[in-house]
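Take a look at the model below.

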Amino acid sequence: MARNEEKAQSMLNRFITMKAEEKKKPKERRPFLASECRDLSEADKWRQQIMREIGRKVAEIQNEGLGEHRLRDLNDEINKLIREKSHWERRIVELGGPNYTKHSAKMTDLDGNIVDVPNPSGRGPGYRYFGAAKKLPGVRELFDKPPELRKRRTRYDIYKRIDASYYGYRDEEDGVLEKLEGPAEEKMRREAFEEWRRLEEVRKEARKSVKSGEVATTSAARELLHEEEEDVVEEERRREREMREGMEDKEREFVVHVPLPDEKEIERMVLEKKKMELLNRYVSEGLLEEQSEAKDMLNIHR
């Protein structure tokens, strides 16, 4: 008896379920082309449906134990849904709705840094990688940044940073160098003045001894006289060398041993050459021979 009741109950359940499905509206399918949708609310509904599918697949792709093939398939399906979502977003903008593309998410690498989406074709949102697909072989290298090569500075870059400070023109603006060099400059001036005065005294003493015909007593005077004599001898040698070089330059002047043509002669030769070129171009050889024979008979040598 209990078995029959269970069967009846099962039949009743199936009947109730069948009646409930008959009352339901037929399940709508998302249009294949976004351009077929004419209603803004419908377009927004299909976009939300795609967003839910993307979220479900992104949660599934976080599992690294699915295997390489399953991860690649999931990543391809997510990218396909993203492209479809971009079509619906453009359709929503065409129907007067909000622009969702301004707030689209960016792709990040394994460290969470925002990276550029590879898009060789230049169309669409590009191909993205999600979850465990970023760690697949061949994909990790896409997110590795190449080592920064140190660019060698050119001569232009080096000279661009050189200013007046490099040459020391602004060393005295702070006043520190002036305080340090002031006492040293005064000391050097004083020493130079004392040396000059000593040399002047020695020079006067040497001149006095030369005028009086006496031999210079001090070694400094003798050395000074010797230096003056060497300067005079060196000056005379320099003058002789300059005179000799001047004579050699005059001897090296170019001498023409053949008569050179003047401007009129050159113009006449150029004109004759152009005439011969024109005759050779437009006159036959036989005519030229006849013309030369006629000139010879008439004794014309032009």
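I61 touches L71, L74, N75, I78, F130, G131, A132 and A133, leaving aside residues up to four places away in sequence. The model is predicted, and these contacts are computed from it.

I61 also belongs to the largest nonpolar core. That core has 20 residues. Within it, I54, I61, I78 and W88 touch the most other members. Helices α2 and α3 each supply at least two residues of the core. Helix α3 spans residues 68-94. Its share of the core is the largest, at seven residues.

Now turn to E53. It is found in helix α2, which covers residues 40-61. Is E53 buried or exposed? Its relative accessible area is 18%. Buried means under 20%, so E53 counts as buried. What does E53 touch, not counting residues up to four places away in sequence? The partners are R30 and L81.

Step back to the chain. It holds nine helices and zero strands. Read along the sequence, the pattern is α-α-α-α-α-α-α-α-α. The chain has 302 residues, and buried ones make up 16% of them. E53 is buried, as noted above.

The surface comes next. The chain exposes about 26700 Å². Carbon and sulfur atoms supply 53% of that area.

Last, consider contacts between residues at least 6 apart in sequence. Of these, 52% join residues at least 24 apart.

Technical notes
Residues numbered from 1 in each chain as written. Predicted model: local features only at pLDDT ≥ 70, side-chain atom pairs only at ≥ 80, totals over all residues. Heavy atoms only, no water. Helix = DSSP H or I, 4+ residues; strand = E, 2+ residues; numbered from the N terminus. Buried < 20%, exposed > 50% of the residue type's maximum accessible area, 1.4 Å probe, protein only. Contact = heavy atoms within 4.5 Å. Areas by Shrake-Rupley, 256 points an atom, 1.4 Å probe, with all protein chains shown as cover. Core = buried A, V, L, I, M, F, W, Y, C linked by side-chain atoms within 4.5 Å.
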